[in-house]
Amino acid sequence: MMELILASTSRYRRSLLERLQLPFHCLPPEVDETPHDGEGPEQLALRLARAKANAIASRQPGALVIGSDQVACLDGVLLGKPGNRDRARAQLAASSGRTVAFYTGLAIRGIDAQVDASVVEPFSVHFRDLSASEIENYLDREQPYDCAGSFKCEGLGIALFSRMEGRDPTALEGLPLIATCELLRDAGLNVLSD
């Protein structure tokens with residue numbers, strides 16, 4: 001089997017890829033994630049996913065490399081990782097009663113195998129109206145300061161929503177596993193093969 005590398009240091013992406021029960025290891029892609037002027041969220045997510053996969057594939061040409069990046073957007077404004085409680089509170093307050101769009105870019109690159117595929121998986125989260133005390137209680141319990149949008153949908157963050165839209169909920173967690181399986185199959189690696 002071809003060596004599989006996840007171009008990421010994210011514990012969330014590593015945990016998601018582990019669900020596929022394939023042997024892999026992680027390498028840091030060290031890519032500048034600054035948005036380009038005029039670049040939309042979907043284009044940014046795709047460019048960064050491809051850049052991450054290419055950064056590792058260029059050093060490991062015999063491997064199959066998975067790169068992924070996620071961009072959250074509220075009314076055209078990018079929501080990054082808050083980093084602290086004050087910014088998380090502000091993000092959640094701004095999202096209350098509104099819809100946040102997530103774009104998760106995915107790229108699979110294998111130089112020797114001549115694999116170069118990528119896709120963007122969209123996903124929308126509709127927040128219910130949140131009170132200030134609900135936001136504070138949520139932040140006390142989960143402290144999602146390293147998550148775009150200031151929540152963990154795989155945890156208590158699910159209580160913040162009225163509904164979600166998209167074909168793959170794992171895209172919201174940072175690595176769209178349905179699309180990952182599809183691109184890996186196209187590259188000759190079926191996760192359900194012997």
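**Charged pairs, ring pairs and a pocket**

User: R128: buried, exposed or in between?

Analyst: R128 counts as partly exposed, because its relative accessible area is 29%. Buried means under 20%, exposed means over 50%, and partly exposed is in between (1.4 Å probe, protein chains only).

User: What kind of model is this?

Analyst: The model is predicted; local features need pLDDT of at least 70, side-chain atom pairs count only at pLDDT 80 or more, and totals for chains, interfaces and linings use all residues. Residues are numbered from 1 along each chain as its sequence is written, and side-chain values use heavy atoms, with hydrogens and water left out.

User: Back to R128. Which side chain does it meet in a salt bridge?

Analyst: E134, at 2.9 Å from N to O. A salt bridge is a side-chain nitrogen of Lys or Arg within 4 Å of a carboxyl oxygen of Asp or Glu. E134 is partly exposed, as its relative accessible area is 30%.

User: Which residues are joined into one network?

Analyst: R85, D86, R89, E136 and D140, through salt bridges that share partners.

User: How far apart are R89 and E136 at their salt bridge?

Analyst: The distance is 2.4 Å, N to O. R89 sits in helix α3 and E136 in helix α4, so this pair ties together parts 47 residues apart in sequence. Helices (H or I, at least four residues) and strands (E, at least two) are DSSP runs, numbered from the N terminus.

User: And how many salt bridges does the structure hold?

Analyst: It holds 15. Another one joins R167 and E121, at 2.9 Å from N to O. R167 is in the loop between β7 and α5, while E121 is in strand β6, 46 residues away.

User: Which of these is E121, buried or exposed?

Analyst: Buried, because its relative accessible area is 6%. R167 is partly exposed, at 43%.

User: What about K152? Where does it lie?

Analyst: K152 lies in the loop between α4 and β7. K152 is buried yet has no salt bridge. The nearest side chain of opposite charge is D146, 4.7 Å away. For charge, Lys and Arg count as positive and Asp and Glu as negative; His and the chain ends are not counted.

User: New topic. How many aromatic pairs are there?

Analyst: The structure holds 4. Rings of Phe, Tyr and Trp (its six-membered ring) pair if their centres lie within 6.5 Å; planes under 30 degrees apart are stacked, over 60 edge-to-face, and the rest tilted. One of the pairs is F102 with F151: edge-to-face, 5.6 Å centre to centre, 80° between the planes. F102 is in strand β5 and F151 in the loop between α4 and β7, 49 residues apart. Both F102 and F151 are buried.

User: Which residues do ring pairs link into a cluster?

Analyst: F102, F127, F151 and F161.

User: Last thing. What volume does the largest pocket have?

Analyst: About 730 Å³. The grid has 1 Å spacing over the protein atoms alone; a pocket is an open set of points where a 1.4 Å probe fits, with protein on both sides within 12 Å along at least five of seven lines. Lining residues have an atom within 4 Å of a point. Points are joined across faces, edges and corners, and the volume is the space filled by probe spheres set on them.

User: How many residues line the largest pocket?

Analyst: The lining has 34 residues, and R13, E33, D69, Q70 and K81 lie nearest the centre. β3 gives the largest share of the lining, 4 residues.
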